[in-house]
Amino acid sequence: MADKTEQFSLIPLRDIVIFPTMVTPVFVGRKKSINALDVAGDTDKKIFLVLQKDSGVNDPGIEDLYNVGVVADILQVLKLPDGSIKVLVEGAYRAEIKDLFVEEECTYVNVKPFEDKNEDETFYKYLRESLMQHFKEFAQTENKIPKEIYDSIVKMDDLNNLSYMIASNLSIRVSEQQEILEIASLSERIEKIIEFIEMETEIKKIDKKIKQRVKSQMTKTQREYYLNEQIKAINKELGRDEDIKADIEELQTAINEKKMPKIVREKAEKELKKLRIMPPMSAETTVVRNYLDWIVSLPWGEYTEDILDLEKAEDILNRDHYGLEKPKERILEFLAVKKFSERIKGPILCFVGPPGVGKTSLAKSIAESMNRNFVRLSLGGVRDEAEIRGHRRTYIGSMPGKIIQSVRRAESMNPVFLLDEIDKLGMDFRGDPSSALLEALDPEQNNSFSDHYLEVDFDLSKVFFITTANTVESIPHALLDRMEVIRIPGYTEREKLNIAEKYLFPKQLSEHNIPAEKVDIAENAILDVIRYYTKEAGVRNLERELASVIRKAAKKLVTENNVTSVKVTRKNLENLLGVKRFRLEHVEESEDVGVATGLAWTPYGGDILQTEVAAYEGNGQLQITGHIGDVMQESARTALSVVKSRARRFQVPAYKFKDFDIHLHVPEGAVPKDGPSAGITMATAILSALSGIYVDCNVAMSGEINLRGKVLPVGGIKEKVLAAHRAGVKKVILPEDNRKDLTEVPSDVKKQISVVFAKTIDDVFDIVLKTKTKEMG
C-alpha cells in the first residue's frame, strides 16, 4: 500500500475531521458530494473525506482543501426529506492528495496512503500510560464523554487507534484536530494530544474553582448583582451595550417628536426612566419596551386634511356606486357642516342591508372622497371583551385592543373606521364585546377612550365610524342608540342592470386583462343572468356570474382559431352558464278557492308566496305546514279567529269550524319563513276555503292582522312591491299606515302597478273576493 496511488470520489467536509477507525454520520447536501456518494456506491464503497479550509466556499478547489484526509468505508446511506443525505462512514486509513480532477458531476482525487514515521516502539508503553492517565483526568472534569465511549477507549490496545479515538473526543477546534491528523510520528501525535488535554483540563479546573468560590460567598442579592455585572460585561464586550443605549435614545427622540398630550408624555417618560435602570435581560424590561413601542407608534396629533370640495366628493361617490342616495347625501351633509365648524365630531353611521349591496365598498369610497385614511375591523365572531379594550400589562403576551391596533394601522387620528358585521358580535364568559364598544361609539365619551393596555386616554372623537349589519334586531339596543341607522335596501332589477353594465362587467374585463372589444354582453343577457342565475338583494353573485361568462368567453377566444370576439346574448347564455338555476316568480292561477297571493321579504329581496288552505271533515283542528316560525303560526291562529268573527257575513255555518279540519300550507317548505305580515293573506285563504268564494289571485297583499280585524303596518314595502312587479301582478294591497313607505318604490314601477291601501280585513275581502262561489261537497 505504501507506493500505491489510488483514485476516489471526493467529499469536502465543512466542520468535522474524520480519523481512522472513527465511525460517524456525515450530512451531505451539495450536488457534487451527492454524486460522489453515488460513484462510490457503484464501485468499492470507499470515498475520500478531507476538511476544507474555509467552510463558506461552496465548490472548493485543491487550494481550498487541507492536504491530508481519510479514505473511509461507506456503511449506510439514508435520504432525508429535505433532499440531503445522511451517510454513516468509518475511517479506514489516512491519505494525502496528489492530484485533484474537477468534473461537472463530481470531483475525483488521486491519493497516496500517508506513511507513519519509523520509530523505536520500546517507549510506546510509557506513552500509552501517560496518555491514559491524562485522558482519565480529563474525562472526570469533562462530562461530555459518554460512559460507553470511555469504556471502549480504556480497553483499546492499538496505540494508533487509541490516539485517533481520543483526539476525536476532545473539545478542540477542527483546525487543531486536522493538525493532529497530519502528524506522521505517533509519539509526536500523542504528545500533541496530551498537550491539548492538559490545556482543556486546566481551563475546566480554573472555571470550577471560580464558580465554587463565587457561590460560597454570594447571598441572593450578591448573586443577582454578580450576574447583572456579568451580563453588562458580556454586552459591553460584544458591543450590545451600545445597542441598548442607542435603543433607549431612539425611544427618547420618538417621545420628544410625538405630539402627545401632557399626561401621555409624562407616562411615557416615567416608563422610559424605569427602562434605563432595568437589567436588559429581565422579563419586565421586555414588557416596558413593548409598551413604549406601542406608545410611540400611535399617531398622536396626526390628522389628514379633509377635502371639503363637495362636487369632487360627490363625483367619487357616484363613480364607485350606483344609487345609494341616502348614504351619499349624509356624507355630503357632514362635509358641508365641516366647512363651518372644524370642531364637529365624527358621525357614527350604521349601514343596514342585505349581503352584497355595497356597504363595505361604500365605506372605502367615503374615505377616498374625504381624503381620509381607511381602516377596516371585522367584528364577526369576536367574543372576548379584551379584543376590543386590550389586555392589562400584567398578562403574558398582552397587547392593545383591536380599536387601538387599527388606529395605529390607519396612521392618523381621523380615519374612516369601518366596523364590519357589528350584528355578528358574540358574548361568552370572557365578557361582552358589544359593551366594550359603547364607549368608542358614544360621541360624548369617545374623546377619552380607555384601553386597558395603554392605561391612558385616547381621543377617538375625530374618527369617522361606519358600522355595517345585515339586520338591526341582533344589535344591543344601547349600542344601536349611539348610531345613526341608514338602511340600504336591495337593488331593483333595473338598478342591477345599470350596475352590471357600468361597473361590474367593465371591472371584470379589466381584472381578467381582456380588451372590451373582445367580449361584449347584450342587455337582455344580463337581465337573464339576474333573473335565472342569481337570487339576491345585492350584486355579489351577479358579479361572480359575469366573471364566469368572461372566463368562458376567454376560453373560446384561445381555443377556437376562427373566433376573434364573443358576443354574449340571450340565445348562447345557457351554453356559457349552464341550465337556469331559478325560475321567475309568477301567479299560477287567475282565480281559485282557498288560495291567496301574499308578499314576503327575504334576504334576497321580495318574493311572492301563494298561501293555500284546504278544509275537510274532522274535528276543528288547524294544521300549519311550510317550515314557518312561531310568529307566523300565531298569526295564522289570529287569522282563523278573525274569519270566525266574520263568518255570518259570508254565510259560513258554525259547524264548518267544529266538524272540519283546516290545513294551511305555505309552499317552498324547505325555506324557513316567519313574521306577521302574512296575516291578511292567511285570513283571505281560510275564508275562501270555508265559504267556497273565489279569490282574485292576481291581487297580491301584505299586512299584519289583529283580532279586531285591523290591518297593521309591515316592513320591506319596496322589496315586496318589486316582487309583485316581477311576477306580473297588477294590483297590490298594503296597510294604510304603509302609505308613506311607497315613496321608496321607483316611479317607473309605481306607474305599472296599482296600490290599494286597506284599514281593515273587510277592505281586503271587498277587493279580492269574487261574487261567485264554488259548490262545496
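## Helix H18 and its two partners

Helix H18 passes helix H19 in a right-handed crossing. This is a feature of a predicted model. The axes of H18, residues 493–511, and H19, residues 523–533, come within 10 Å and cross at roughly 120°. An angle of that kind makes H18 oblique to H19. On the H18 side, the contact is made by Glu-493, Arg-494, Lys-496, Leu-497, Ala-500 and Glu-501. From H19, the residues involved are Glu-523, Ile-526, Leu-527, Ile-530 and Arg-531.

H18 also packs against helix H20, residues 540–559, at an angle of about 50° and with the axes 10 Å apart. H18 is therefore oblique to H20. The crossing of H18 past H20 is right-handed. Here Lys-496, Ala-500, Leu-504, Phe-505, Lys-507, Gln-508 and Leu-509 of H18 meet Leu-542, Glu-543, Leu-546, Ala-547 and Ile-550 of H20. Lys-496 and Ala-500 of H18 are named in the contact with H19 and again in the contact with H20.

## The five-stranded sheet

An open sheet is built from 5 strands in the order S8-S9-S12-S7-S13, and the pairing is parallel. S8, residues 374–378, and S13 are the edge strands, each pairing on one side only. On average, neighbouring strands of this sheet are turned by 20° against each other, direction ignored. Strands of a sheet pair through backbone hydrogen bonds, either parallel or antiparallel.

## Strand S7 and its covering

Strand S7 covers residues 348–352 and is mostly covered, with 5 of its 5 residues buried. In a regular strand the side chains alternate between the two faces of the sheet. In S7, Ile-348, Cys-350 and Val-352 lie on one side, Leu-349 and Phe-351 lie on the other, and the residues of both faces are buried.

Helix H12, residues 325–340, lies across S7, S12 and S13. The direction of H12 is at about 140° to that of S13.

## Helix H13

Helix H13 comprises 12 residues, 359–370. At 1.5 Å a residue the helix should span 16 Å, and its end C-alpha atoms are 17 Å apart, so the two values agree. The buried residues of H13 are Lys-359, Leu-362, Ala-363, Ser-365, Ile-366, Ala-367, Ser-369 and Met-370. An α-helix has 3.6 residues a turn, so residues three or four places apart point the same way.

H13 is followed by Asn-371, whose phi is positive, near 65°.

## Loop residues with positive phi

Most residues other than glycine have a negative phi, and most peptide bonds are trans. Thr-21 is not a glycine, yet its phi is positive, at about 75°. Thr-21 lies in the loop between strand S1 (6–13) and strand S2 (23–28). With a relative accessible area of 26%, Thr-21 is partly exposed.

Glu-455, a residue other than glycine, likewise has a positive phi, near 65°. Glu-455 is located in the loop between strand S10 (449–450) and strand S11 (457–458). The relative accessibility of Glu-455 is 39%, and the residue therefore counts as partly exposed.

## Glu-200 in helix H6

Glu-200 belongs to helix H6, residues 186–217. Its relative accessibility is 12%, so Glu-200 counts as buried; the cut-off for that description is under 20%. Apart from neighbours within four places in sequence, Glu-200 is in contact with Phe-138, Ser-171 and Ile-172. Asp-659 is 459 residues from Glu-200 along the chain, and the C-alpha atoms of these two residues are separated by 109 Å.

Conventions:
Residues numbered from 1 in each chain as written. Predicted model: local features only at pLDDT ≥ 70, side-chain atom pairs only at ≥ 80, totals over all residues. Heavy atoms only, no water. Helix = DSSP H or I, 4+ residues; strand = E, 2+ residues; numbered from the N terminus. Buried < 20%, exposed > 50% of the residue type's maximum accessible area, 1.4 Å probe, protein only. Contact = heavy atoms within 4.5 Å. Pairing = 2+ DSSP bridges. Axes fitted to C-alpha atoms, helices over the stretch in contact; angles between N-to-C directions. Expected span 1.5 Å × (residues − 1). Parallel < 35°, antiparallel > 145°, perpendicular 65-115°, else oblique. Left-handed = near helix turned anticlockwise from the far one by under 90°.
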